[in-house]
Amino acid sequence: MLTTLTAGRSARASRVGFSPARVGAVVGRNVGALRSGPSYWIVLVSGFFEPLLYLLSIGVGVGALVGDLTVAGRTMSYAAFVAPAMLAVSAMSGALAETTFNVFFKIKYAKTYEAVLATPVRPVEIAFGELTWATVRGSLYTAIFLGVMVALGLAPVGGALAAFPATILVGLAFGAVGLAISTLMRGWQDFDLLSTGQFALFLFSGTFSPVQDYPAWMEVLIQVTPLYHAVELVRGLCLSAYGVGMVGHAAYLLAMVAGGLWLAARRMERLLCR
Amino acid sequence: MIFARGLVKRFGDFTAVRGIDVEVAPGEAFGFLGPNGAGKSSTMRMISCVSAPTSGELRILGMDPVRDGTRIRARLGVCPQLDNLDPDLTVRENLTTYARYFGLSRAEGRRRADELLEFVQLTERAGSMVEPLSGGMKRRLTIARAMINEPDIVLLDEPTTGLDPQARHLLWERLFRLKQRGTTLVLTTHYMDEAEQLCDRLVVMDGGKIVAEGSPRSLIERYSTAEVVELRFPDGLDLNADYAAKLDGIGERVDPLPDRVLLYADDGDAAVAEVQRRGLSPSSVLVRRSTLEDVFLHLTGRTLVD
């Protein structure tokens, strides 16, 4: 009886073409990998420290030289200005590390997905599963980071709670785009390109200075790039400076989720189901 | 179980499979025999519903692999040519994780994993990571993994390539047990002895086409003789063709190879006697039973090399 029930369910799922249970199984694989060895933990922990170190060295250190900052009529310490940006960066890099390095390795070398695709799991379910896991990883970083911010007095508790869901969205957006990117990677040399791009975003997206301080053409250019929207959204929520612009930022990030997933699923099917 | 008519697979300009007809019955052990590049693996990938046929008709378990791929794959077990076990997971987790992809509960996954580890004799290595395992162990684990969903058909792509003789025999024995349980086996191989050991019926593929079909025995009867005499001559190599001319008429067929001359005859000893009567003195004489290798040689006109 039980078998008939489950068989009926999986048959139905197959017609719909998408099964949350199978997405969960893809996530479960990564949980298993985490349990099985220390190597994954090292990767995980190191990803968290980078933005924290920047916050301490530049936000607090350089901040002591810079003094207070006035942006859009609000005055704050430089560290309080930089911290939300570092939060957005940690959401981005957590998700990207998972969906680029790890996923690329699984596609190209470990052939993990070839084994997975021999089961009822479909490429789109792999994409969703990996994205879910990447977002969990990114959110783990941001939750701890928010705790640090509150402890250092760089954000009120209310602001931190409001910013957390936004960091999840940031993780989803960059994770989805990262998935699409890793299906387009030719080899490890392309990762140099990626990390250069990531570093440029990190420096210029209104992270260390307000974008209004740049020349107009640069400001426009920055407003086209993704991390800017992540930083603005997260900073606005941290500082409780709500505005209509937030809807635009959120829409930009949502578009990244949809576009990234769509392309990733398509490319995976191309790559693996030849 | 499997039904194919005029099955074609093209990759760009390259045609890997050029219109093959195949039918596999329940409980049968069916083999695709052929050299590398014959189109075996492409055929297997189409059957395992990860690669869509370019043209032709293909039905697996009565379903269409393009439309019902997910449902078909739920009932297949796939053992690929190269082990793609998960290096980040332990031996046992490789199985339990795989069980989840089929929608099995955690408890059921663990139960089957332990049972299968027992079956492939890997219980002691359950907690080990995959990397330190030997080639034979990895292969057995891959086969165990292919069985986690209790499949109706198990697809094995070159199951024993690269294994040492001991590992091969252990694997054959396990596959034979699987067959006894009534599981349909479909395998590819370029080992003649493997095909003879495991297959009830097989097709010989060459250049994307099926060149012969039948049971190992019937193929040998049709395309070879009961026995084969292998002759090596001391000054052989370049002169084998000349020797072949001198041997003409003995047995049914004479085949000069670079390193030896093959004499196809139903009575090997009589053929050897005739060789000696003609005053030829080969440096070594071997009379053996005919094998699928001889069939392959006859069908394609060349030895089976990679």
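How many residues does the contact take from chain A and from chain B? In this predicted model, chain A gives 28 residues and chain B gives 25 residues. Three helices of chain A, α1 (2-16), α2 (20-36) and α5 (112-117), each supply at least two residues of the side that touches chain B. Of the elements of chain A, α2(A) gives the most to this side, with 8 residues. By class, the side of chain A that touches chain B holds 13 nonpolar residues. A further 9 are polar and 6 are charged.

The fold of chain A comes next. Its secondary structure comprises 11 helices and 2 strands. Read from the N terminus, the order of elements is α-α-α-β-β-α-α-α-α-α-α-α-α.

Along the principal axes, the C-alpha atoms fill a box of roughly 65 × 40 × 40 Å. The radius of gyration of chain A is 20 Å. A compact globule of 274 residues would have a value near 19 Å, so the radius of chain A agrees with that of such a globule.

Packing within the chain was examined as well. Buried residues account for 45% of the 274 residues in chain A. Contacts were then sorted by sequence separation. Among contacts in chain A between residues at least 6 apart in sequence, 78% join residues at least 24 apart.

Methods. Residues are numbered from 1 along each chain as its sequence is written. Chains are lettered from A and ligands numbered from 1 in the order in which they are written. This is a predicted model: local features need pLDDT of at least 70, side-chain atom pairs count only at pLDDT 80 or more; totals for chains, interfaces and linings use all residues. Helices (H or I, at least four residues) and strands (E, at least two) are DSSP runs, numbered from the N terminus. The radius of gyration is taken over C-alpha atoms; the globule rule is 2.2 Å times the number of residues to the power 0.38. A residue is buried if 20 or more other C-beta atoms lie within 10 Å of its own, exposed if 12 or fewer, and partly exposed in between; C-beta atoms are placed from the backbone. Two residues are in contact if their C-beta atoms, placed from the backbone, lie within 7 Å. Ala, Val, Leu, Ile, Met, Phe, Trp, Tyr, Cys and Pro count as nonpolar, Asp, Glu, Lys and Arg as charged, and the others, Gly among them, as polar.
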